[in-house]
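This report covers two topics.

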Amino acid sequence: MKSVAAAPSFDPVADIAWSKLYWASDPDWTPPADGATVASWRNAGSVAGDATQGSETVKPLYDATYAGLADQPALVFDGTDDGMVSAAFTAIPQPWTWVMVVDVTSLSGNNCFGTPMFGTGGSSNYCGTVSASWRFGVGLGSILNGGTATLGSHVLCGVADGANSRLLVDGAVVVAGTFAAASATRVILGADGAASSYAPGAMSLAGLYAGDFTAHAAYDDFMGWV
């Protein structure tokens, strides 16, 4: 009988040159105890800067076996005021792609799971759910709304690329259009850039890629791995 080769292994850290990568299963990150608050989430990307939160009352919780994401480690946000942020970094111009693996537990009110922020303040930046729609954009008149947001686990992939910008959910484009000329300068996790919308649910991975990630040779491998 002819032997069948095993499926190739995939390493999200080694196989993709992320600018920023926060992965709850990162073997080089020492997480807190199961159920404890998270003060710092290791960045495995090439642009230095962990995601941190100094205020105990608004830190997400670490879940070592989060059921909604296939019993994988994840950070759980309360949807009210939990959030983490990186230090500002040298601007990454478009095209750039923001990728998140999340579990949406509520569609009530405005929800945002995170964003590579444009500038250092004042703009509302989104990638996640807003009421019943999926949303991706920056508060400069280029908010892309589309599709029907649903509860459960999803891969969100926002490509900021001028007139070729789009938001993909689980590999399918749900909205496309023009994104403002916004460079990525700071990562926010669990909230939007105006600290007015928060993430109800959990996140196992968030990554910022300099370029159109959907055109990367490893994109299909990544989606299959997720």
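## Cysteines

A disulfide is a pair of cysteine sulfur atoms within 2.5 Å. By this rule the model has zero disulfides. Cys-127 is in no disulfide; the nearest cysteine sulfur, in Cys-112, is 7.1 Å away. The sulfur of Cys-157 has its closest cysteine sulfur in Cys-127, at 8.2 Å, which is too far for a bond.

Both Cys-127 and Cys-157 are buried (under 20% relative accessible area; over 50% is exposed, in between partly exposed; 1.4 Å probe, protein chains only). Relative accessibility is 1% for Cys-127 and 3% for Cys-157.

## Basis of the model

The model is predicted: local features need pLDDT of at least 70, side-chain atom pairs need 80 or more, and totals for chains, interfaces and linings use all residues. Residues are numbered from 1 along each chain as its sequence is written, and side-chain values use heavy atoms, without hydrogens and water.

## Largest pocket

A pocket is an open set of points on a 1 Å grid over the protein atoms alone, where a 1.4 Å probe fits, with protein on both sides within 12 Å along at least five of seven lines; lining residues have an atom within 4 Å of a point. The largest pocket has a volume of about 300 Å³, taken as the space filled by probe spheres set on the points.

Its lining has 17 residues. Leu-69, Gln-72, Val-101, Ser-204 and Val-226 lie nearest the centre. Strands E5 (72-78), E7 (96-104), E12 (152-160) and E16 (200-209) each give two or more residues to this lining. Strands are DSSP runs (E, at least two residues), numbered from the N terminus. E12 gives the most, with three.

Definitions and conventions
Helices (H or I, at least four residues) and strands (E, at least two) are DSSP runs, numbered from the N terminus.
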